[in-house]
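Here's a quick tour of a protein model for anyone new to reading structures. Have a look at the sequence and the 3D view, then work through the points below.

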Amino acid sequence: THFDDASGLLDDGDYTNALDLARLTSIALKNETFAKIVSTKEKIIEDLDGNKYFLKNLNKLLGSNGVSGVKTGTTEGAGQVLVTAKDEKGHKIIIVVMGSEDRFLDTQKLLNLVYRLLIQSPLC
């Protein structure tokens, strides 16, 4: 993974992969502030001049079936990307979808698969 700048947008020098995004997410979620921010659906914030701004998380899966974040985005080069975290039966599940045409549907299919596998697993 390499990012030329903090935004990660539209830079030819930026690249990553699903495994690195999952590892970064696993580490980042240990930070309580980060975990709280990425799990927030809506928030009104106010600047020092008293101007109020309504922020809405664009993750359609957030809050459904225990989904607690993490990152959604789209660029021409990367396609639709969604990094998702969910607690399931005492396990932290992190799913990374990249290059998708429907990141929410693809992620939901993977969440369903993981759920079925955990239900059938003798370890859980």
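What follows is a short briefing, sorted by topic.

This is a predicted model, where local features need pLDDT of at least 70 and side-chain atom pairs count only at pLDDT 80 or more, while totals for chains, interfaces and linings use all residues. Residues are numbered from 1 along each chain as its sequence is written, and side-chain values use heavy atoms, with hydrogens and water left out.

**The big picture**

- The protein has three helices and five strands; helices (H or I, at least four residues) and strands (E, at least two) are DSSP runs, numbered from the N terminus.

- Three strands make an open sheet in the order β3-β4-β5, with antiparallel pairing; two strands pair if DSSP finds at least two bridges between them.
- At the edges sit β3 (67-75) and β5 (91-100), each pairing on one side only.
- What holds paired strands together? Strands of a sheet pair through backbone hydrogen bonds, either parallel or antiparallel.
- Strand β4 (residues 79-88) pairs with β5 over eight bridges, in the antiparallel sense, and Glu88 stands opposite His91 in β5.
- Helix α1 (residues 18-28) packs on the sheet and touches β3, β4 and β5, where contact means heavy atoms within 4.5 Å; its direction makes about 140° with that of β5.
- Helix α3 (residues 103-120) also packs on the sheet, touching β3, β4 and β5, and its direction makes about 145° with that of β5.
- For these angles, axes are lines fitted to C-alpha atoms, for helices over the stretch in contact, and the angles run from 0 to 180 degrees between N-to-C directions.

**A closer look at Ala85**

- Ala85 lies in strand β4 and is buried, with a relative accessible area of 0%.
- Leaving aside neighbours within four places in sequence, Ala85 is in contact with several residues, among them Leu29, Val67, Val70 and Ile93.

**Salt bridges**

- There are three salt bridges in the structure; each is a side-chain nitrogen of Lys or Arg within 4 Å of a carboxyl oxygen of Asp or Glu.
- Arg23 and Asp20 meet in one of them (3.8 Å, N to O), and both lie in helix α1, three residues apart, about one turn of the helix.
- Lys86 and Glu88 form another (2.9 Å, N to O); Lys86 is buried at 9% relative accessibility, and Glu88 is buried at 11%.
- Lys92 bridges to Asp87, with the closest N and O atoms 3.2 Å apart; here Lys92 is partly exposed at 42%, and Asp87 is partly exposed at 48%.

How values were computed. Buried means under 20% relative accessible area, exposed over 50%, partly exposed in between (1.4 Å probe, protein chains only).
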